[in-house]
Structures are given as C-alpha cells and as structure tokens.
Amino acid sequence: MSVKCRLLNGICRLVYGSEYRRFMSVKNIRSEQERYLLKLLCTNKDTVYGRKYHFEDIHSYKDFAEKVPLTKYEDYETYIDRICRGEKAVLTAEDVILMELTSGSSGGRKMIPYTPSLKREFQRGIMPWLWDIYNGVKGADSGKSYWSITPVTQGKSFTECGIPIGFEEDSEYFGKAVQHIMNALFAVDGSVKFASDRDSFYLDTAAQLLRCKELTLISVWSPSFLSILCGYIRDNAQRLSDNLPEKERWEFFRAAENDRFDKIFPKLKIISCWTDGSSAEQAENIKKLFPGVYIQPKGLLATECFVSFPIVGEEGSRLSVRSHFFEFRSLADEKIYTADGLQKGEYEVIVTTGGGFYRYCTGDIIRVLEVYPDAAPRIRFLRRNGVSCDMFGEKLTEDFVRSVLLKLGAENKFCLLAPEGNFYRLYTECRDISADMLDSALCESYHYNYCRELGQLQAAQVCIVSDEPYKAYIAKLADEGMRIGDIKPCLLTCKSGWKPYFVRGK
C-alpha cells in the first residue's frame, strides 16, 4: 500500500478519534440528550416554527412533549416551500445551505433542508464509526475507499431562491476539515455523479474501480446496487479490460466469469451495506461475490437524520446519542420513551434535528437489543412502518404481505406486490405460486376480501420475472427520478407500471 494513503488515512484517524472519544465518554444519556434539546430550542425560538409552538417557554423534555406535536413530512411541506422561496428563519435560525432529495419506493420525492448544524450532527455519527473501522479492521486504513455516488443525469438544480438541490460531492458529508483528504482517498471521483445516463455512470465507475489497486473499503447503501455493479463488470469484462495492463487481463476475465470479485479487488477488507430487513437476501449475495471480505451491517441513517452506527464485533449498532434528540414510540404500548428510558423491544424512531424537523416520526422500526447504564443502547433496524396500499379500502400492509409470502413459500425469492388498475399483481421469481393461491391468501385480510366480494378488486395475478429482477426494479425507480442510493427493496408498493421492466426479452 502507498505511503500517501497511509499518511492521509492517519490524519483522518486523528480527526475522527476525538469524536469517537466524545461519544464513548457519554455516561449520562439523559443529561446529554436534554442539553442538546434545550440548546436547539433556544437557538430556534424566534423562527416561524419556534414561535408557533412557544419554544421560549420550554425548559424541560416534559414541556417539549406537551407543547410540540409529533410530525410527519407532510407537516413541513408548507414551511419548506417558504424556505425554497427565500424566506429566512422558518424552521431554523441558521440559513439552509442546500436541499437534499429523498424518496421512498412507495411514495413521492421529498426535499430535506440541510443546515450547518445538521451536517455536524451527521459527522458526529460518521466520525466515530470510521475511527472504529480503522482500528477494528486490519488494513482498512491502508488504502482507498469507494463511497457510492448517485448519478445526477439532469444536471445541477436550485430552488426558486437559488438554494442548491443535492450535495455536489459526497465528501461534503465529512466536513471541511477532511473533505479534501477524503477526495484524495476516494477510488472513484465525483465526476461520475454527472454521467449523462446510467450506462455511462456504471462504465465510468467500474473503470475507475478497476484502475484502483489499493481499494480497501467499500461503503454503499443497498447491497443490490453493489450486486448490479458487479454484474455490470462481469457482463462488460471485455470492454473494461482496456483499463488493465495486458498481463492482468486473463486473471480478470477468469475472476469476473466466476463472480469472484475478491480476486478482482484483492486488497479489499470491508464492505459496509444494509443487511437488515428487506436487504437481507441481497446481502447474502454480496457474501458470495466477496468471500472472505468482512461485511459490516450499516447502522440506521436516512437523509433526514443519523440514528446509529455499528461497532466492529458487536451485533446491531449503537444509538448516535450525540447526533440528534431521540424519542421512541413503543409498538407494545404506544407510549413515547426517551433514549435513557428504553428497554428491550420494538419501537418507531422519532427525531428532533438541527435541520428543523421536530418530533419527526421517521417510520423506521427498530429492535432494542441491549441497554446499558452508562453507554448508548444497541439497536437493530427491522423494517419501515406504515407501508400500505389502499385503493378501494383493502388496507394492505407490507407486514401482512410479508406473512402471505412466507406462507406461500416465497422466502428468499424476489417478490413485489403492486396495484395495476383494479387488481394486484405479484412480480416474483417463485414459480410455485399460482394466481389462485395468491388471491386466496390475500383474502385472509378482512378488508381485501370485502373489496373482492364487492367487486371493487378483481382477482390477483402472478407474473414470473425475467433474470436480474433487482436490476429491473432499480431501473424503473431510477427512471422515475429516484436516486439509486435511496432505493431499498420492498415487498409492497403503491406504484404501478412494472411489467415492461420485469418481462423484457420475453
């Protein structure tokens, strides 16, 4: 490994180490969290939102819970419109420096306001996580890293008043202190973000990765994205071999043909990606593509907030108690708990952040694995809450669909249930499920069965998908404007029009 990489990573370790020690020194979570909350409310008391909910009269968490309501994204849309038109001090006293786009596979696009405070809150989670990797995974700090960059084919864009939409460089997440260092350590530069189309994005990304002989860390969101990237390298091996010295080409062809990407990137030490919830199946595929490489489950983070990060050798991830103010709604009794009051069980995450979201219900369901008297609790992401489809009153939920598919024997198979006019169609790899079996199982839901009896819904259908269904799934959502990095596998969607993507070539 080059001396330059070791030197630059060493500088990063010094910067990250101080934040890691601050995180580990938190012994009184209640005090740490309440101090953050009261400071944030004081700072933003003269904003439009702060005046509406009387932030100046809030002196404790009890006051906060009584005066400020629980919220969802729709509650902020009018405020965000005002920010986009140039109004100041709407949600935060700080100016909004950019709007980041996010979206779900079942819903529309959202704009999330980013302030300097919100960026720092993300860094308070990113830095201790990376420090732990550098110290817990031998060799991870001796080379370069690949951080997935979502292509932006439509070019740069701005709000009505000129606020940028989207980060221009992913290294901006790391803060100014190490941004230039990280750019030098990236195996793939930021130019791929502005590829003219998806093929150009994959081609340029793959070519740069193959030229990098010191790749030690890969960080992506969805494992399906990494699987598709590897598939692109395999299917375009001849085209990509021009980037390699002639003596290396035979070994490259053989490794690509056999899906042995550990041979193509022999210095790779760690892959960070989603492994929980609906990403579990694709994560298993990554293990097959990279045998012997440490696959670290990501913590829970979203465009709106940084919730948790993993520690090498631990199950789950630690709540990032220095990032935001956290509340949790128990699925057992519907009561709201603060971070210091958690017990083992399942909860929905609620956050208050420096970006101007207050008591924001994220929809992320976690399980608390362990609580400690003087350290951050350990959690694991389970699933998204509230994913449902309801055209005629059938009230289908993803949890119910998951139970149906398990009964039908579709575990570990690609499945997506989607509405098409007045019926549902299941796109799946599983050839053992008939339309009658599917419809009968869905009729176990009272509301779905009632809609069928009334004739509002016709019988469900089954469509066997072509090869590489995850690739087709991502292609449709990307064509509709979703960022590739935002796309998560799901079992139920409210979107229709999938068939042309899933049956190509048939």
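Asp75 is placed in the loop between helix H4 (61-67) and helix H5 (77-84), where helices (H or I, at least four residues) and strands (E, at least two) are DSSP runs numbered from the N terminus. The structure is a predicted model, in which local features need pLDDT of at least 70 and side-chain atom pairs count only at pLDDT 80 or more, while totals for chains, interfaces and linings use all residues. Residues are numbered from 1 along each chain as its sequence is written, and side-chain values use heavy atoms, with hydrogens and water left out.

At 33% relative accessibility, Asp75 counts as partly exposed; the term covers the range between buried, under 20% relative accessible area, and exposed, over 50% (1.4 Å probe, protein chains only). Together with Glu74, Glu77 and Asp81, Asp75 forms a negative surface patch. Patches consist of residues with over 30% relative accessible area and no salt bridge, like charges being joined within 9 Å and nonpolar side chains (Val, Leu, Ile, Met, Phe, Trp, Tyr) within 5 Å. Asp and Glu count as negative, Lys and Arg as positive, and His and the chain ends are not counted. The place of a charge is taken as NZ of Lys, CZ of Arg, CG of Asp or CD of Glu. A nonpolar surface patch is made of Tyr446, Tyr450 and Leu454, with about 360 Å² of accessible area together, as given by the Shrake-Rupley method with a 1.4 Å probe, only the protein chains shown counting as cover for residues. Leu454 itself belongs to the loop between helix H16 (446-453) and strand E18 (461-464).

Side chains of opposite charge can pair when their charged atoms come close. The structure holds 28 salt bridges, each defined as a side-chain nitrogen of Lys or Arg within 4 Å of a carboxyl oxygen of Asp or Glu. One of them joins Glu284 and Lys287 at 3.2 Å, N to O. These two residues are 3 apart in helix H13 (residues 280-289), which means that about one helical turn separates them. Glu284 is partly exposed at 42% relative accessible area, and Lys287 is partly exposed at 42% relative accessibility.

Arg380 and Glu315 meet at 2.8 Å, N to O. This pair links distant parts of the chain, 65 residues apart: Arg380 is in strand E13 (residues 378-384), and Glu315 is in the loop between strand E7 (308-309) and strand E8 (317-319). Arg367 bridges to Glu346, with the closest N and O atoms 2.9 Å apart. Because Arg367 lies in strand E12 (residues 360-370) and Glu346 in strand E11 (residues 345-352), the pair ties together parts 21 residues apart in sequence. Salt bridges also link Glu19, Arg22, Glu32, Arg35 and Arg322 in a network.

Ser330 is buried, with a relative accessible area of 6%.

Helix H17 (residues 469-479) is mostly covered, 9 of its 11 residues being buried. Among them are Tyr470, Tyr473, Ile474, Lys476 and Leu477. The buried residues of H17 pack against helix H8 (198-211), helix H9 (223-235), H13, strand E16 (415-420) and helix H18 (499-502). After H17 comes Gly481, whose phi is positive, near 105°.

Conventions
Contact means heavy atoms within 4.5 Å.
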